Amino acid sequence: MWSGTSGPSYGPAERIGSRWDAVNSIVRPGDWNGDGADDVVGRIATTGELRLYPGDGGGGFGRPKVIGTGWGGVAGIFGPGDLNGDSRADILARFTDGTLWLYPGNGRGGFGRRIVVGHGWTASMTIVTPGDWNGDGRNDLVARRSDGTLWLYPGNGLGGFPGVSRIGIGWASFASISGSGDVDDDGRPDLLAWSQSGLMLLYPGNGRGGFLPKRMVGGGWADYDFRG
């Protein structure tokens, strides 16, 4: 864990866990079990189990709990926050056929009934969960397509994404992109992008669906993966 500071930088690294090599997908859905602390959800590679790692509010975790089975064939798992407007954190799952499913959280560590919320979300698209990117009070998705263009999929508060718009070009060279929350402490969500060489850049959100001027965060990040 790198604790955020009041500017576009991070404090020193702190180890908060070990033996996470068994987990092949990690997402940060927010407060999944309704106890007021943010949690982590991970998929176990060998079994396809989905486990909740409840946050303790101090940077650590409580005892993990199995919250789902049969997730081994899911191509991608994402923590978008509250997408359906019920004030509970949700999970998105992308299947190999490009179908995007919403698994609504019940606010107690489990799920409601899943629904299809999109098609054509193939593996060539990098999905990012920035929160409310356009400032309308609803959580959104950002996606990088194979041609390096960046697109905003604004959430409608009901689990859907009408009115897609392009918000960037030239993003193909980045190793990956992360919806990082508010990094620069201005009250608006931001994106982080890092190169194959480990150079990390901050792309601050302007709160209206676009960007403020980018800033360098630092180097040496090539060994880490911040997706989820």
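The side chain of N139 reaches over to the backbone nitrogen of D132, with 3.3 Å between them. Keep in mind that this is a predicted model. N139 sits in the loop between β11 (126–131) and β12 (140–144). Is N139 buried or exposed? At a relative accessible area of 19%, N139 counts as buried, because the cut-off for that label is under 20%.

What else does N139 touch, once its neighbours within four places in sequence are set aside? The contacts are P80, G81, D82 and L83, plus G131, D132 and G155.

Now for the charged pairs. The count of salt bridges comes to five, and here are some of them:

| Pair | Closest N to O distance |
|---|---|
| E49 and R51 | 3.0 Å |
| R88 and D86 | 3.4 Å |

As for burial, D184 is buried at 8% relative accessibility, whereas R215 is partly exposed at 35%.

In the R88 and D86 salt bridge, R88 is partly exposed with a relative accessible area of 36%, and D86 is partly exposed too, at 26%. R51, the partner of E49, is partly exposed as well, with 27% relative accessibility.

Conventions
Residues are numbered from 1 along each chain as its sequence is written. This is a predicted model: local features need pLDDT of at least 70, side-chain atom pairs count only at pLDDT 80 or more; totals for chains, interfaces and linings use all residues. Side-chain values use heavy atoms; hydrogens and water are left out. Helices (H or I, at least four residues) and strands (E, at least two) are DSSP runs, numbered from the N terminus. Buried means under 20% relative accessible area, exposed over 50%, partly exposed in between (1.4 Å probe, protein chains only). A polar contact is a pair of N or O atoms within 3.5 Å; within protein, one must be able to donate a hydrogen and the other to accept it, and residues adjacent in sequence count only if both atoms are side-chain atoms. Contact means heavy atoms within 4.5 Å. A salt bridge is a side-chain nitrogen of Lys or Arg within 4 Å of a carboxyl oxygen of Asp or Glu.
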